[in-house]
Amino acid sequence: MGTLSLTDYEEVKIPVPWGHISGRWHGNRTERPILAIHGWLDNLGTFDRLIPLLPDCVGLLCIDLPGHGRSSRLKPGLHYSVHDYVFIIPRVMKEYGWQKVSLMGHSLGGIIAFVYAALAPHTVDMIISLDILRPLPSDPRGKDVGNFSSFLEKHLVEDERQAVGNMREPPAYTLPELRKVLAKGSYNSVPPKDAQHLLYRQVAKSQLYPDRFYFSRDARVKYYYHMYMDDGFAAELARRIKRKPYLILKGSESPFLGPHCDEPMSILRQNNPHFEFHVVEGTHHAHLHNPEECAKHIVPFIRHHRPPNLTSWSLAGKEAQLSSKERRRAQEQFFARSKQSKQRSKL
């Protein structure tokens with residue numbers, strides 16, 4: 001059995017009321033894929049180094065969240081929030097007619113997966129969470145209120161900036177500068193050498209400076225509403241997920257899976273032989289700069305909980321001798337013949 005190809009994918013545009021959700025569907029298009037959701041200010045390129053290590057028994061649909069990558073922005077005057085991002089999952093499911101969904105999320109994407117799985121546990125069959133579990137607990141005496149106040153003001157300023165002068169061009173940088181800016185913005189979680197995996201879907205060429213580029217994502221996403229969550233509420237969400245296959249990977253240098261995750265993680269682990277937690281070497285973006293170690297845990301988890309369908313095609317073992325495009329074409333032909341055979345048997 002082989003692995004997914006980074007270059008063999010189908011570009012998809014999922015229609016939504018405000019435009020579209022952009023994505024790339026890697027691998028098998030004849031069965032329901034794993035839905036992969038990136039983190040805050042990132043895009044689907046965050047999975048680029050992990051994709052070639054994943055098994056090709058199931059496809060992977062990576063999407064850009066609204067305002068990120070190449071997905072549509074929200075209409076002027078609207079505000080981004082984690083609560084609204086949760087609705088992206090059922091929208092994708094409805095578009096493709098899925099009754100179930102397998103989820104893989106990093107950071108914000110992992111929070112979205114956690115919340116959705118708790119709200120609609122009957123529709124989720126597997127969750128892979130990369131260096132995250134739940135939203136941070138609220139701290140009204142800390143800086144949360146101050147941040148919210150500051151974000152409100154900055155969001156209104158950005159609204160005005162976009163409305164004046166047909167979106168005046170943001171600051172522009174050379175590509176080496178962009179790598180450094182992105183690395184700094186991630187608190188050095190993304191090393192400059194890996195920054196290109198996130199840059200190619202979120203920069204545009206400057207019209208003012210030919211050798212420079214600017215960030216093309218919606219700047220309003222920087223001021224989105226974080227979902228702060230009470231500890232008791234997070235514990236109750238975990239109870240609703242119950243005995244789902246749940247894999248959590250923590251970056252050894254990352255603070256995102258701190259003590260605030262202990263109780264919900266204990267609940268998920270309780271009487272659940274399908275729960276896994278592993279620490280991998282790296283930062284919050286360990287899946288990007290250390291994908292090999294992450295794959296050591298993700299691959300067997302996928303193989304166990306999303307095994308390939310046993311068909312005469314897969315049992316024949318011929319797929320190993322073909323290129324990825326030939327393999328996909330042969331699979332599609334096989335399933336088409338199987339569908340026709342079932343239809344004739346009903347006549």
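Student: How many cavities of 30 Å³ or more does the structure hold?

Tutor: There are two of that volume in this predicted model. A cavity is a set of points on a 1 Å grid over the protein atoms alone where a 1.4 Å probe fits but cannot get out, and its volume is the space filled by probe spheres set on the points, which are joined across faces, edges and corners. Local features here need pLDDT of at least 70 and side-chain atom pairs 80 or more, whereas totals for chains, interfaces and linings use all residues. Residues are numbered from 1 along each chain as its sequence is written, and side-chain values use heavy atoms, without hydrogens and water.

Student: What makes up the lining of the second largest cavity?

Tutor: Lining residues have an atom within 4 Å of a point; among them are L130, D131, H284 and C294. The volume of this cavity is about 40 Å³.

Student: Why is the aromatic pair of Y96 and W98 called stacked?

Tutor: Rings of Phe, Tyr and Trp (its six-membered ring) pair if their centres lie within 6.5 Å, and planes under 30 degrees apart count as stacked, over 60 as edge-to-face and the rest as tilted. Y96 and W98 are 5.4 Å apart centre to centre, with 20° between the planes, so the pair is stacked.

Terms used: On a 1 Å grid over the protein atoms alone, a cavity is a set of points where a 1.4 Å probe fits but cannot get out, and a pocket is an open set with protein on both sides within 12 Å along at least five of seven lines; lining residues have an atom within 4 Å of a point.
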